[in-house]
Amino acid sequence: MLAEIRGLNEECGIFGVWGHEDASQLAYYGLHSLQHRGQEGTGIVATDGEKLKGIKGEGLVSEIFTQEAIKELSGKAAIGHVRYATAGGGGYENVQPLLFHFQSGSMALAHNGNLVNATALKSQLEAQGSIFQTSSDTEVLAHLIRRGGFAAFKERVKNALTMIKGAYAFLILTETELMVALDPNGMRPLSLGKLGDAYVVASETCAFDVVGAEFVRDILPGELLIIDDNGFRSEMFSVASNIAMCTMEYVYFSRPDSNINGINVHTARKNLGKRLAIEAPIEADVVTGVPDSSISAAIGYAEATGIPYELGLIKNRYVGRTFIQPSQSLREQGVKMKLSAVRGVVEGKRVIMVDDSIVRGTTSRRIVTMLREAGATEVHVLISSPPIKNPCFYGIDTSTKEELIASKYSVEELREIIGADSLIFLSTEGMIDAIGRTDDGENRGHCLACFTGKYPTEIYPNADHPYEKV
(Lines give C-alpha, C1' and ligand atoms only; values in the text may rest on other atoms or scores of the structure.)
Protein backbone atom coordinates (compact mmCIF):
# COMPACT_ATOMS: atom_id res chain seq x y z
CA MET A 1 0.00 0.00 0.00
CA LEU A 2 1.25 3.54 0.64
CA ALA A 3 4.43 2.75 2.51
CA GLU A 4 5.57 6.33 2.90
CA ILE A 5 2.31 7.33 4.57
CA ARG A 6 1.40 4.20 6.43
CA GLY A 7 4.79 3.68 8.03
CA LEU A 8 5.38 0.04 7.05
CA ASN A 9 8.71 0.06 5.25
CA GLU A 10 11.35 -2.44 4.25
CA GLU A 11 14.87 -1.45 5.14
CA CYS A 12 16.58 -1.72 1.77
CA GLY A 13 17.45 -3.51 -1.43
CA ILE A 14 20.84 -4.62 -2.75
CA PHE A 15 22.26 -5.27 -6.19
CA GLY A 16 25.68 -6.50 -7.30
CA VAL A 17 27.45 -7.29 -10.56
CA TRP A 18 30.80 -8.89 -11.38
CA GLY A 19 32.48 -9.15 -14.78
CA HIS A 20 30.71 -6.50 -16.88
CA GLU A 21 32.37 -3.49 -18.51
CA ASP A 22 29.40 -1.27 -17.60
CA ALA A 23 29.00 -2.58 -14.04
CA SER A 24 27.99 0.74 -12.46
CA GLN A 25 25.43 1.39 -15.22
CA LEU A 26 23.89 -2.03 -14.60
CA ALA A 27 23.87 -1.30 -10.87
CA TYR A 28 21.99 1.93 -11.58
CA TYR A 29 19.27 0.09 -13.51
CA GLY A 30 19.14 -2.67 -10.92
CA LEU A 31 18.73 -0.22 -8.06
CA HIS A 32 16.07 1.69 -9.98
CA SER A 33 14.03 -1.52 -10.19
CA LEU A 34 14.45 -1.97 -6.41
CA GLN A 35 13.55 1.62 -5.54
CA HIS A 36 10.33 0.47 -3.83
CA ARG A 37 12.50 -1.11 -1.13
CA GLY A 38 13.95 2.21 -0.01
CA GLN A 39 13.66 5.86 -1.04
CA GLU A 40 15.76 7.69 1.55
CA GLY A 41 19.27 7.00 0.33
CA THR A 42 21.27 5.15 -2.31
CA GLY A 43 24.85 4.40 -3.24
CA ILE A 44 27.08 2.48 -5.63
CA VAL A 45 30.67 1.31 -5.11
CA ALA A 46 32.60 0.06 -8.15
CA THR A 47 36.04 -1.45 -8.68
CA ASP A 48 38.34 -1.62 -11.68
CA GLY A 49 40.40 -4.35 -10.04
CA GLU A 50 42.85 -1.94 -8.47
CA LYS A 51 40.75 0.37 -6.30
CA LEU A 52 37.23 0.86 -5.00
CA LYS A 53 35.35 4.10 -5.54
CA GLY A 54 31.88 5.04 -4.33
CA ILE A 55 29.19 7.65 -4.73
CA LYS A 56 26.19 7.87 -2.43
CA GLY A 57 23.60 10.36 -1.24
CA GLU A 58 20.23 10.93 0.38
CA GLY A 59 17.48 10.74 -2.22
CA LEU A 60 16.21 8.58 -5.08
CA VAL A 61 18.43 6.65 -7.49
CA SER A 62 17.62 9.01 -10.35
CA GLU A 63 18.46 12.03 -8.18
CA ILE A 64 21.87 10.83 -6.97
CA PHE A 65 23.22 9.15 -10.10
CA THR A 66 23.54 11.44 -13.08
CA GLN A 67 25.27 10.20 -16.21
CA GLU A 68 28.39 12.06 -15.11
CA ALA A 69 28.35 10.33 -11.73
CA ILE A 70 28.02 6.90 -13.33
CA LYS A 71 31.02 7.62 -15.58
CA GLU A 72 33.13 8.27 -12.48
CA LEU A 73 32.44 4.72 -11.29
CA SER A 74 34.32 2.83 -13.97
CA GLY A 75 35.12 -0.82 -13.51
CA LYS A 76 34.04 -4.40 -14.07
CA ALA A 77 32.26 -4.89 -10.74
CA ALA A 78 29.91 -2.89 -8.52
CA ILE A 79 27.50 -3.20 -5.63
CA GLY A 80 24.60 -0.87 -4.90
CA HIS A 81 22.04 -0.19 -2.22
CA VAL A 82 18.71 1.58 -1.74
CA ARG A 83 17.80 2.39 1.83
CA TYR A 84 14.90 3.11 4.09
CA ALA A 85 16.29 3.98 7.51
CA THR A 86 15.34 1.67 10.39
CA ALA A 87 18.22 0.52 12.61
CA GLY A 88 20.81 3.27 12.84
CA GLY A 89 18.51 6.04 11.68
CA GLY A 90 19.01 8.35 8.73
CA GLY A 91 21.90 10.56 7.73
CA TYR A 92 24.43 10.58 4.92
CA GLU A 93 26.99 8.58 6.90
CA ASN A 94 24.55 5.65 7.16
CA VAL A 95 23.81 5.50 3.42
CA GLN A 96 25.28 2.34 1.92
CA PRO A 97 27.35 0.71 0.58
CA LEU A 98 29.78 1.44 3.41
CA LEU A 99 33.30 1.78 2.01
CA PHE A 100 36.47 1.09 4.01
CA HIS A 101 40.08 1.66 2.93
CA PHE A 102 42.93 -0.20 4.62
CA GLN A 103 46.66 -0.49 3.97
CA SER A 104 46.08 -3.97 2.60
CA GLY A 105 43.16 -3.04 0.35
CA SER A 106 39.53 -1.89 0.41
CA MET A 107 36.14 -3.38 1.21
CA ALA A 108 32.56 -2.25 0.60
CA LEU A 109 29.46 -3.62 2.34
CA ALA A 110 25.79 -3.52 1.36
CA HIS A 111 23.20 -5.06 3.68
CA ASN A 112 19.51 -5.85 3.60
CA GLY A 113 18.04 -6.75 6.98
CA ASN A 114 18.78 -6.04 10.62
CA LEU A 115 21.22 -7.55 13.12
CA VAL A 116 19.45 -8.18 16.41
CA ASN A 117 22.71 -8.50 18.38
CA ALA A 118 24.41 -5.47 16.82
CA THR A 119 24.28 -3.38 20.00
CA ALA A 120 25.95 -6.07 22.10
CA LEU A 121 28.62 -6.72 19.47
CA LYS A 122 29.28 -3.00 19.05
CA SER A 123 29.84 -2.61 22.79
CA GLN A 124 32.32 -5.50 22.76
CA LEU A 125 34.16 -4.14 19.74
CA GLU A 126 34.40 -0.63 21.19
CA ALA A 127 35.80 -2.09 24.40
CA GLN A 128 38.47 -3.73 22.23
CA GLY A 129 39.38 -0.43 20.57
CA SER A 130 37.13 -0.29 17.50
CA ILE A 131 35.94 3.17 16.47
CA PHE A 132 32.62 3.32 14.63
CA GLN A 133 31.99 5.93 11.95
CA THR A 134 28.24 5.31 11.57
CA SER A 135 25.27 4.27 13.69
CA SER A 136 24.37 1.54 11.17
CA ASP A 137 24.36 -2.08 12.34
CA THR A 138 26.04 -2.97 9.04
CA GLU A 139 29.35 -1.52 10.20
CA VAL A 140 29.55 -4.19 12.90
CA LEU A 141 30.34 -6.82 10.25
CA ALA A 142 33.20 -4.72 8.87
CA HIS A 143 34.84 -4.50 12.29
CA LEU A 144 34.36 -8.21 12.94
CA ILE A 145 36.02 -9.02 9.62
CA ARG A 146 38.82 -6.56 10.24
CA ARG A 147 39.55 -7.97 13.70
CA GLY A 148 39.68 -11.53 12.39
CA GLY A 149 43.43 -11.82 12.84
CA PHE A 150 45.78 -13.16 10.18
CA ALA A 151 43.42 -15.68 8.64
CA ALA A 152 42.60 -15.50 4.92
CA PHE A 153 39.94 -12.93 4.05
CA LYS A 154 37.36 -15.58 3.22
CA GLU A 155 37.84 -17.27 6.58
CA ARG A 156 37.56 -13.96 8.41
CA VAL A 157 34.29 -13.26 6.61
CA LYS A 158 32.90 -16.70 7.46
CA ASN A 159 33.91 -16.37 11.10
CA ALA A 160 32.36 -12.91 11.31
CA LEU A 161 29.10 -14.13 9.80
CA THR A 162 28.77 -16.81 12.46
CA MET A 163 28.90 -14.10 15.15
CA ILE A 164 26.00 -11.98 13.91
CA LYS A 165 22.34 -12.82 14.49
CA GLY A 166 19.18 -11.70 12.76
CA ALA A 167 18.12 -11.15 9.16
CA TYR A 168 20.83 -10.33 6.66
CA ALA A 169 21.64 -10.48 2.99
CA PHE A 170 25.17 -9.12 2.51
CA LEU A 171 27.21 -8.08 -0.50
CA ILE A 172 30.94 -7.66 0.20
CA LEU A 173 33.07 -6.16 -2.58
CA THR A 174 36.87 -6.10 -2.74
CA GLU A 175 39.26 -5.42 -5.61
CA THR A 176 39.37 -9.12 -6.46
CA GLU A 177 36.01 -10.65 -5.59
CA LEU A 178 32.35 -10.22 -4.74
CA MET A 179 31.06 -12.17 -1.76
CA VAL A 180 27.38 -12.86 -1.20
CA ALA A 181 25.94 -14.12 2.10
CA LEU A 182 22.46 -14.97 3.38
CA ASP A 183 21.56 -15.61 7.02
CA PRO A 184 20.98 -19.23 8.13
CA ASN A 185 17.21 -18.66 8.44
CA GLY A 186 16.91 -17.28 4.90
CA MET A 187 14.80 -14.36 6.07
CA ARG A 188 15.46 -12.02 3.14
CA PRO A 189 15.17 -12.76 -0.59
CA LEU A 190 18.45 -12.90 -2.54
CA SER A 191 19.08 -14.38 -5.97
CA LEU A 192 21.89 -15.01 -8.47
CA GLY A 193 21.60 -14.22 -12.17
CA LYS A 194 23.82 -14.26 -15.25
CA LEU A 195 24.22 -11.74 -18.06
CA GLY A 196 26.58 -13.06 -20.73
CA ASP A 197 29.78 -13.83 -18.86
CA ALA A 198 28.85 -11.52 -15.96
CA TYR A 199 27.11 -12.49 -12.72
CA VAL A 200 24.50 -10.37 -10.99
CA VAL A 201 22.96 -10.61 -7.53
CA ALA A 202 19.79 -8.87 -6.40
CA SER A 203 17.25 -8.69 -3.59
CA GLU A 204 14.50 -9.36 -6.13
CA THR A 205 14.40 -11.12 -9.47
CA CYS A 206 12.59 -8.18 -11.07
CA ALA A 207 16.04 -6.51 -11.24
CA PHE A 208 17.25 -9.32 -13.52
CA ASP A 209 14.44 -8.63 -15.96
CA VAL A 210 15.34 -4.94 -16.06
CA VAL A 211 19.03 -5.51 -16.85
CA GLY A 212 18.41 -8.47 -19.15
CA ALA A 213 19.94 -11.12 -16.90
CA GLU A 214 18.88 -14.75 -16.64
CA PHE A 215 17.88 -16.15 -13.26
CA VAL A 216 20.32 -18.85 -12.09
CA ARG A 217 19.17 -19.72 -8.58
CA ASP A 218 18.35 -18.40 -5.13
CA ILE A 219 21.13 -17.92 -2.59
CA LEU A 220 20.82 -20.61 0.08
CA PRO A 221 20.39 -19.89 3.79
CA GLY A 222 23.80 -20.00 5.45
CA GLU A 223 25.60 -19.81 2.10
CA LEU A 224 28.65 -17.73 1.21
CA LEU A 225 28.96 -17.30 -2.55
CA ILE A 226 32.31 -16.05 -3.87
CA ILE A 227 32.33 -14.54 -7.38
CA ASP A 228 35.54 -13.59 -9.19
CA ASP A 229 37.09 -13.74 -12.67
CA ASN A 230 37.05 -17.54 -12.51
CA GLY A 231 33.29 -17.77 -11.96
CA PHE A 232 31.62 -18.52 -8.65
CA ARG A 233 32.02 -21.06 -5.90
CA SER A 234 29.81 -21.82 -2.96
CA GLU A 235 30.65 -22.55 0.67
CA MET A 236 28.41 -22.86 3.71
CA PHE A 237 29.38 -20.74 6.70
CA SER A 238 26.47 -22.10 8.75
CA VAL A 239 24.00 -24.95 8.67
CA ALA A 240 20.62 -23.75 7.42
CA SER A 241 18.09 -24.02 10.22
CA ASN A 242 14.50 -23.02 10.90
CA ILE A 243 13.97 -21.52 7.44
CA ALA A 244 11.83 -18.41 7.89
CA MET A 245 11.39 -16.14 4.88
CA CYS A 246 9.67 -12.86 5.80
CA THR A 247 6.03 -13.47 4.87
CA MET A 248 5.46 -9.78 4.23
CA GLU A 249 7.77 -10.06 1.20
CA TYR A 250 4.96 -12.05 -0.44
CA VAL A 251 2.11 -10.03 1.05
CA TYR A 252 3.43 -6.52 0.56
CA PHE A 253 7.12 -5.64 0.09
CA SER A 254 8.28 -7.31 -3.12
CA ARG A 255 7.29 -6.25 -6.60
CA PRO A 256 4.58 -8.45 -8.17
CA ASP A 257 6.89 -9.38 -11.06
CA SER A 258 9.49 -10.87 -8.69
CA ASN A 259 9.81 -14.55 -7.79
CA ILE A 260 10.78 -15.58 -4.26
CA ASN A 261 12.00 -19.16 -3.86
CA GLY A 262 10.22 -20.11 -7.06
CA ILE A 263 6.90 -18.45 -6.17
CA ASN A 264 5.69 -15.52 -8.24
CA VAL A 265 4.62 -12.67 -5.97
CA HIS A 266 1.63 -11.63 -8.09
CA THR A 267 0.36 -15.22 -8.16
CA ALA A 268 0.81 -15.53 -4.40
CA ARG A 269 -1.17 -12.34 -3.81
CA LYS A 270 -3.95 -13.45 -6.14
CA ASN A 271 -4.14 -16.68 -4.16
CA LEU A 272 -4.37 -14.66 -0.95
CA GLY A 273 -7.39 -12.91 -2.43
CA LYS A 274 -8.94 -16.20 -3.49
CA ARG A 275 -8.48 -17.56 0.01
CA LEU A 276 -10.14 -14.41 1.39
CA ALA A 277 -13.12 -15.19 -0.84
CA ILE A 278 -13.44 -18.56 0.92
CA GLU A 279 -12.97 -17.20 4.43
CA ALA A 280 -14.90 -13.92 3.95
CA PRO A 281 -17.71 -14.19 1.36
CA ILE A 282 -19.55 -10.87 1.25
CA GLU A 283 -22.42 -9.66 -0.94
CA ALA A 284 -21.26 -6.54 -2.76
CA ASP A 285 -21.30 -4.75 -6.11
CA VAL A 286 -17.62 -4.00 -6.74
CA VAL A 287 -14.21 -5.06 -5.50
CA THR A 288 -11.32 -2.61 -5.41
CA GLY A 289 -7.74 -2.84 -4.20
CA VAL A 290 -5.61 -0.19 -2.53
CA PRO A 291 -2.77 0.64 -4.97
CA ASP A 292 -0.35 -0.86 -5.57
CA SER A 293 0.43 -3.96 -3.54
CA SER A 294 -3.19 -4.94 -2.82
CA ILE A 295 -4.41 -4.97 -6.41
CA SER A 296 -3.35 -8.57 -7.06
CA ALA A 297 -5.26 -9.82 -4.00
CA ALA A 298 -8.31 -7.79 -5.01
CA ILE A 299 -8.23 -9.35 -8.48
CA GLY A 300 -8.02 -12.80 -6.90
CA TYR A 301 -11.01 -12.08 -4.67
CA ALA A 302 -13.04 -10.77 -7.61
CA GLU A 303 -12.21 -13.81 -9.77
CA ALA A 304 -13.19 -16.22 -7.01
CA THR A 305 -16.48 -14.49 -6.16
CA GLY A 306 -17.55 -13.24 -9.57
CA ILE A 307 -17.95 -9.70 -8.19
CA PRO A 308 -16.53 -7.21 -10.73
CA TYR A 309 -13.10 -5.76 -10.00
CA GLU A 310 -12.99 -2.00 -10.55
CA LEU A 311 -10.48 0.82 -10.09
CA GLY A 312 -12.29 2.40 -7.19
CA LEU A 313 -9.09 4.05 -5.91
CA ILE A 314 -6.53 5.89 -8.00
CA LYS A 315 -2.98 6.63 -6.91
CA ASN A 316 -1.43 9.98 -7.73
CA ARG A 317 2.05 9.04 -8.94
CA TYR A 318 3.37 12.58 -9.16
CA VAL A 319 3.43 13.60 -5.51
CA GLY A 320 6.97 14.49 -4.52
CA ARG A 321 8.62 12.83 -1.58
CA THR A 322 8.87 16.18 0.22
CA PHE A 323 5.13 16.03 0.84
CA ILE A 324 5.40 12.77 2.74
CA GLN A 325 6.09 13.55 6.36
CA PRO A 326 6.71 11.00 9.14
CA SER A 327 4.57 12.65 11.80
CA GLN A 328 1.22 11.11 12.63
CA SER A 329 -0.53 14.49 12.33
CA LEU A 330 0.39 14.79 8.64
CA ARG A 331 -0.37 11.21 7.56
CA GLU A 332 -4.05 11.88 6.81
CA GLN A 333 -3.17 14.80 4.55
CA GLY A 334 -0.66 12.54 2.86
CA VAL A 335 -3.38 10.00 2.13
CA LYS A 336 -5.52 12.67 0.50
CA MET A 337 -2.66 13.69 -1.75
CA LYS A 338 -1.73 10.13 -2.65
CA LEU A 339 -5.15 8.58 -3.25
CA SER A 340 -8.45 9.51 -4.79
CA ALA A 341 -11.74 7.60 -4.86
CA VAL A 342 -13.41 7.21 -8.26
CA ARG A 343 -16.96 8.45 -7.76
CA GLY A 344 -18.18 6.97 -11.04
CA VAL A 345 -17.17 3.51 -9.85
CA VAL A 346 -18.24 3.50 -6.19
CA GLU A 347 -21.23 5.85 -6.04
CA GLY A 348 -24.35 3.97 -4.94
CA LYS A 349 -22.38 0.71 -4.66
CA ARG A 350 -21.55 -1.78 -1.93
CA VAL A 351 -17.75 -1.76 -2.05
CA ILE A 352 -15.27 -4.40 -0.94
CA MET A 353 -11.92 -2.76 -0.30
CA VAL A 354 -9.02 -5.25 -0.24
CA ASP A 355 -5.82 -4.21 1.49
CA ASP A 356 -2.70 -6.11 2.54
CA SER A 357 -2.40 -5.00 6.18
CA ILE A 358 -3.37 -2.50 8.85
CA VAL A 359 -0.50 -1.04 10.85
CA ARG A 360 -1.55 2.19 12.57
CA GLY A 361 -5.08 2.48 11.19
CA THR A 362 -4.81 6.07 10.00
CA THR A 363 -4.67 5.24 6.32
CA SER A 364 -7.49 2.67 6.45
CA ARG A 365 -9.79 5.10 8.25
CA ARG A 366 -9.13 7.85 5.73
CA ILE A 367 -9.68 5.58 2.71
CA VAL A 368 -12.98 4.28 4.10
CA THR A 369 -14.08 7.89 4.64
CA MET A 370 -12.97 8.76 1.11
CA LEU A 371 -15.04 5.95 -0.38
CA ARG A 372 -18.12 7.01 1.60
CA GLU A 373 -17.68 10.63 0.55
CA ALA A 374 -17.59 9.41 -3.06
CA GLY A 375 -21.00 7.79 -2.57
CA ALA A 376 -20.31 4.20 -1.52
CA THR A 377 -23.33 2.84 0.37
CA GLU A 378 -21.30 0.14 2.16
CA VAL A 379 -17.55 -0.32 2.64
CA HIS A 380 -16.28 -3.75 3.60
CA VAL A 381 -12.55 -3.98 4.37
CA LEU A 382 -10.80 -7.30 3.79
CA ILE A 383 -7.15 -7.74 4.73
CA SER A 384 -5.04 -10.35 2.92
CA SER A 385 -2.95 -11.13 6.02
CA PRO A 386 -3.60 -11.65 9.74
CA PRO A 387 -3.48 -8.71 12.20
CA ILE A 388 0.03 -7.35 12.76
CA LYS A 389 0.33 -7.39 16.55
CA ASN A 390 4.05 -7.69 17.21
CA PRO A 391 7.10 -5.60 16.30
CA CYS A 392 9.66 -6.68 13.74
CA PHE A 393 13.36 -6.72 14.66
CA TYR A 394 14.57 -7.91 11.26
CA GLY A 395 14.58 -4.75 9.16
CA ILE A 396 11.00 -3.44 9.09
CA ASP A 397 10.21 -0.21 10.89
CA THR A 398 7.68 -1.50 13.42
CA SER A 399 9.95 -1.73 16.44
CA THR A 400 7.39 -1.25 19.22
CA LYS A 401 4.14 -3.01 20.01
CA GLU A 402 2.48 0.26 21.04
CA GLU A 403 2.48 1.64 17.48
CA LEU A 404 0.57 -1.39 16.14
CA ILE A 405 -3.15 -0.72 16.39
CA ALA A 406 -4.12 -4.42 16.18
CA SER A 407 -2.17 -5.10 19.37
CA LYS A 408 -4.44 -2.75 21.32
CA TYR A 409 -7.90 -3.37 19.89
CA SER A 410 -10.12 -6.29 18.90
CA VAL A 411 -11.16 -6.72 15.27
CA GLU A 412 -14.61 -5.30 16.09
CA GLU A 413 -13.06 -2.29 17.80
CA LEU A 414 -10.79 -1.80 14.79
CA ARG A 415 -13.80 -1.94 12.50
CA GLU A 416 -15.42 0.87 14.45
CA ILE A 417 -12.21 2.92 14.45
CA ILE A 418 -11.79 2.79 10.67
CA GLY A 419 -15.53 3.18 10.07
CA ALA A 420 -16.07 0.09 7.92
CA ASP A 421 -19.29 -1.94 7.68
CA SER A 422 -17.20 -5.07 8.17
CA LEU A 423 -13.53 -5.88 8.73
CA ILE A 424 -12.08 -9.35 8.17
CA PHE A 425 -8.45 -10.49 8.30
CA LEU A 426 -7.14 -13.57 6.54
CA SER A 427 -6.24 -16.43 8.88
CA THR A 428 -2.61 -17.35 9.43
CA GLU A 429 -3.17 -20.86 8.07
CA GLY A 430 -5.04 -19.45 5.08
CA MET A 431 -2.17 -17.09 4.31
CA ILE A 432 0.41 -19.89 4.48
CA ASP A 433 -1.67 -22.18 2.27
CA ALA A 434 -2.30 -19.44 -0.29
CA ILE A 435 1.37 -18.49 -0.68
CA GLY A 436 2.27 -22.13 -1.23
CA ARG A 437 5.76 -22.57 0.25
CA THR A 438 6.60 -26.24 0.75
CA ASP A 439 9.38 -26.03 3.35
CA ASP A 440 9.22 -28.45 6.25
CA GLY A 441 8.48 -27.33 9.79
CA GLU A 442 5.62 -25.87 11.75
CA ASN A 443 5.66 -22.54 9.89
CA ARG A 444 6.45 -24.07 6.47
CA GLY A 445 9.35 -21.74 5.78
CA HIS A 446 7.65 -18.51 6.92
CA CYS A 447 8.66 -15.90 9.46
CA LEU A 448 5.34 -15.14 11.17
CA ALA A 449 6.73 -13.12 14.07
CA CYS A 450 4.74 -9.95 13.41
CA PHE A 451 1.52 -12.02 13.46
CA THR A 452 2.24 -14.61 16.16
CA GLY A 453 4.99 -13.10 18.34
CA LYS A 454 7.16 -16.19 17.82
CA TYR A 455 10.58 -15.14 16.50
CA PRO A 456 12.89 -17.44 14.49
CA THR A 457 16.03 -16.13 16.24
CA GLU A 458 17.02 -14.88 19.66
CA ILE A 459 15.99 -11.25 20.26
CA TYR A 460 18.30 -8.91 22.14
CA PRO A 461 16.50 -5.56 22.75
CA ASN A 462 16.74 -5.97 26.52
CA ALA A 463 17.34 -8.60 29.15
CA ASP A 464 13.67 -9.23 29.96
CA HIS A 465 12.30 -9.31 26.43
CA PRO A 466 8.77 -10.82 26.40
CA TYR A 467 8.90 -12.35 22.95
CA GLU A 468 9.33 -16.03 22.21
CA LYS A 469 11.79 -17.81 19.94
CA VAL A 470 10.16 -20.46 17.77
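**Exercises on cavities and a helix**

The structure, a predicted model, holds four cavities of 30 Å³ or more.

**Exercise 1.** Describe the largest cavity by its volume, its lining and the domains that supply the lining.

Solution. 
- Step 1: The volume of the largest cavity is about 90 Å³.
- Step 2: Its lining consists of Ala-167, Met-187, Arg-188, Cys-246, Cys-392, Tyr-394, Ile-396, Cys-447, Ala-449 and Cys-450.
- Step 3: Sorted by class, nine of these residues are nonpolar, none is polar and one is charged.

**Exercise 2.** Work out how the span of helix H14 compares with the expected value, which of its residues are buried, and what follows the helix.

Solution. 
- Step 1: H14 covers residues 362-373, twelve residues in total.
- Step 2: From first C-alpha to last, H14 reaches 17 Å, close to the 16 Å expected at 1.5 Å a residue.
- Step 3: The buried residues in H14 are Thr-362, Thr-363, Ser-364, Arg-366, Ile-367, Val-368, Met-370 and Leu-371.
- Step 4: After H14 comes Gly-375, with a positive phi near 105°.

**Exercise 3.** State what the protein contains in helices and strands, what share of it is buried, and how far apart in sequence its contacts reach.

Solution. 
- Step 1: There are 17 helices and 25 strands in the protein.
- Step 2: Of the 470 residues, 58% are buried.
- Step 3: Take the contacts between residues at least 6 apart in sequence; 68% of them join residues at least 24 apart.

Technical notes
Residues numbered from 1 in each chain as written. Predicted model: local features only at pLDDT ≥ 70, side-chain atom pairs only at ≥ 80, totals over all residues. Heavy atoms only, no water. 1 Å grid on protein atoms, 1.4 Å probe; cavity = no way out; pocket = protein on both sides within 12 Å on 5 of 7 lines; lining within 4 Å. Points joined across faces, edges and corners; volume = space filled by probe spheres on them. Nonpolar A, V, L, I, M, F, W, Y, C, P; charged D, E, K, R; others polar. Domains from an automatic or database assignment. Helix = DSSP H or I, 4+ residues; strand = E, 2+ residues; numbered from the N terminus. Expected span 1.5 Å × (residues − 1). Buried < 20%, exposed > 50% of the residue type's maximum accessible area, 1.4 Å probe, protein only. Contact = heavy atoms within 4.5 Å.
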